[in-house]
Amino acid sequence: MAATVKLSFTVLSGTWISASTQDADFPVTNLASPWRPFQPWKTTAGGAQNAVYDLGAATTVEIIALLRCNFTSVVIQGNATDSWGAPSYTSGTITLTQNPWNWRYNLALLPVGFTYRFLRISIPSQTPVAEFKRTALSIYLIGGVWIGAVTASVDNPLWDVEYETFNPLDRQEPRHRGWAQEASMGEPKLMIIGRRAGTMSTTTPAVGDELATWQSIERQAWAQGNRMLWYENLGNTSQVCVVRNLQMPHWVLHGTQAEGPWELEEVVGGPSGT
């Protein structure tokens, strides 16, 4: 199988410098924490809206991810200056779809030739969509934006992979089980349980082989608070989210092959990815 999953480990340094409108309790600076999608940027009006990110200098951007949106079309632009009459880069209008696993409207874009200082997210005038278990709003929101480099491309998890929509419920029932009550205690999130594999050297395992590459991925993820951006890149641009490892790296070595479990869960809150 081709290496389809795109991973990014850090959000490129920069500052969200402006927004057309922003709720005082949900400012545009909230976009800088895409691992906290339920602390979003909210506009204060409908119609056309935008937000601008300053990278500080011309910077190559390889992946842009919008997480938890309540709209279905957006334009992403890039320019050398914070002037948007005729930007050097424009994605054209992109359609957002609902992620089949966490039921949120997300978008992953792999821009080609994006090396600019300023990035703008432009939301055309449209009717906001209703989020899962929520009434539609009259304003727009984005839970977070990941702007980064594609640090690694890896295969999808191997055989018998499990994709789970985890919906945290608290179930209470008496001993006789004649009735039960359930209360939702949080938001649905994606969980992935599978296996991964890589070739290795039989004389110097984890030195210059695929096992070493996997361990480098682990190191980079843990160095960033055990979180990374995961994008399936299989034709559905909504299948992107911030994930973390549920266990420490573990490998079984046999012959020229190394195999191990890979268990991930989506990060949906916490100041440092927790």
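1. Two strands pair if DSSP finds at least two bridges between them. Strands here are DSSP runs of at least two residues (E), helices runs of at least four (H or I), numbered from the N terminus. By that rule E9 and E10 are an antiparallel pair, joined over two bridges, and Gln 98 sits opposite Tyr 105 in E10.

2. A word on the source: this is a predicted model, in which local features need pLDDT of at least 70 and side-chain atom pairs count only at pLDDT 80 or more, while totals for chains, interfaces and linings use all residues. Residues are numbered from 1 along each chain as its sequence is written, and side-chain values use heavy atoms, leaving out hydrogens and water.

3. Now for the whole protein. You will find one helix and 21 strands. The radius of gyration, taken over C-alpha atoms, is 20 Å, which agrees with the value near 19 Å that a compact globule of 274 residues would have (the globule rule is 2.2 Å times the number of residues to the power 0.38). Of the 274 residues, 48% count as buried, meaning under 20% relative accessible area with a 1.4 Å probe, protein chains only.

4. The pair from the opening point belongs to an open sheet of five strands, ordered E3-E12-E5-E10-E9 with antiparallel pairing. Strand E3 (41-42) and strand E9 (97-98) stand at the edges with a single partner strand each, so one side of each has no neighbour in the sheet.

5. Next, look inside. A nonpolar core is a set of buried Ala, Val, Leu, Ile, Met, Phe, Trp, Tyr and Cys residues joined through side-chain atoms within 4.5 Å. The largest one has 32 residues, and Leu 66 and Ile 142 have the most contacts inside it. Among the elements that give two or more residues to this core are strand E5 (63-69), strand E11 (115-123) and strand E12 (141-148); E11 gives the most, with four residues.

6. Which residues touch Ile 142? Beyond its neighbours within four places in sequence, its contacts include Trp 41, Leu 66, Phe 71 and Ile 121, where contact means heavy atoms within 4.5 Å. Apart from this core lies another, of 20 residues, among them Met 200 and Trp 251.

7. Finally, is Asn 226 buried or exposed? This residue, in the loop between helix H1 (210-223) and strand E18 (228-231), is buried, with a relative accessible area of 9%. The Asn 226 side chain reaches the backbone oxygen of Asn 245 at 3.1 Å.

How values were computed:
Buried means under 20% relative accessible area, exposed over 50%, partly exposed in between (1.4 Å probe, protein chains only). A polar contact is a pair of N or O atoms within 3.5 Å; within protein, one must be able to donate a hydrogen and the other to accept it, and residues adjacent in sequence count only if both atoms are side-chain atoms.
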